[in-house]
Amino acid sequence: MKSVNKILIFRLSSIGDIILTSALIRCIKNKYPRARVDFVIKKQFYQLVESNPHINNIYIVDKGKGIDGLKQLAKSLKEENYDVFLDIHKNFRSLYVRNFSGANKIFTFNKQVLKRTLLTSFGINIYKYIKPVYLRYIEAAKQIGVEYDGNGTEVFIPEYVRVTVSKKLQNNGIYPDYPFVALCPGASFKNKQWIPERFAELASLINDRNSLPIVVIGGDTEVEIGNLIVKNSSGKVVNLAGKLNLLESGAVLSRARVVVVNDTGMLMMAESQHTPVVGIYGPTAKWFGFYPILPQSEVVEVDLKCRPCTKMGLNECPKKHWKCMLNISTEMVYEKVSRILSI
């Protein structure tokens, strides 16, 4: 292309996927520092890109407005005459908008649907190698010369958010120079959640063997799990589930020594803050590209013929035994935590 002055990135959801686009956004700006880079996102995830200095304008999609909202968005985009439309979502909404956007060039990323389906539905693995999703996002822009800079992902958290979080932690007895371990026991699907009682056992081990307090992070649906962890563990455990927004959660994770987390967006959030994780993987697997990025991070999983059974997660085990999570012991996870803490 002769000139690239206006670029639009379309990624509506969810937490982890949006965080993974941050490397693409930065690398585009590296290649085209004077170009206008705009982003389309769902309303509930706006915070994740609001303070990104590499983004010029943000279009917010309100799910409640349905097709009328998409029509208005497409109309607005067409008036802007984008040189490039990067569809990093690839669903019916992005297809509709991009086809009516009037963009000069449209590029998409490879979702590897066939490979994924063969593996999850038939146990046939034709993946030759693992390509992290954030690199596949960047690959979508290779035709305009964008290359990965090796600097991982990032979520920009304003200082006022960090100050607010510091006060909340201090109110719970955790001061700025006080190290702690964060637990993220939630997940959007039940079969991606490690057993809450084992999170409680893990909290006790970390308190007893490492003398480190625990901070539990999660949304409103994790409040009860957090209470269970507090009730069934020894030592200091602070439950902040349901008390933080996305950026505040990121600010807490940025201060943790290590984060123990299921295969969720909070794993990506922690790593965007350069905090190593111990990722617990049950029904999903590394082949899909959503594994930890940082070299210090660790993964806990068990080898089963029925794994992986899903990319996104399910609310029940197809085999009815849930061994992918039941076979992950507290000691297995603690061993990984201890390894990171010793670095």
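Entry 1. I began with the exposed side of helix H7 in this predicted model. Glu159, Tyr160, Lys167 and Asn171 are exposed there.

Entry 2. I then listed the buried residues of H7, which are Val161, Val165, Ser166 and Leu169. Viewed down the axis of H7, these buried residues fall within an arc of 140°, so they line one face of the helix. I noted the background to this: an α-helix has 3.6 residues a turn, so residues three or four places apart point the same way.

Entry 3. I looked up what covers the buried residues of H7, and the cover includes strand E7 (214-216) and helix H10 (246-255).

Entry 4. I checked the length of H7, which comprises 13 residues, 159-171. From its first C-alpha to its last, H7 reaches 18 Å, close to the 18 Å expected at 1.5 Å a residue. Gly173 follows H7 and has a positive phi, near 85°.

Entry 5. I traced the partners of E4. Strand E1 (residues 6-10) runs parallel to E4 and is joined to it by four bridges; Phe10 stands opposite Asp87. Strand E5 (residues 105-108) also pairs with E4 in the parallel sense, over four bridges, and here Val84 stands opposite Lys105.

Entry 6. Lastly, I recorded that E4, helix H4 (residues 92-99) and E5 make a right-handed β-α-β unit.

Terms used: Residues numbered from 1 in each chain as written. Predicted model: local features only at pLDDT ≥ 70, side-chain atom pairs only at ≥ 80, totals over all residues. Heavy atoms only, no water. Helix = DSSP H or I, 4+ residues; strand = E, 2+ residues; numbered from the N terminus. Expected span 1.5 Å × (residues − 1). Buried < 20%, exposed > 50% of the residue type's maximum accessible area, 1.4 Å probe, protein only. Arc of directions from axis to C-beta. Contact = heavy atoms within 4.5 Å. Pairing = 2+ DSSP bridges. Right-handed = clockwise from strand over helix to strand, strands pointing away.
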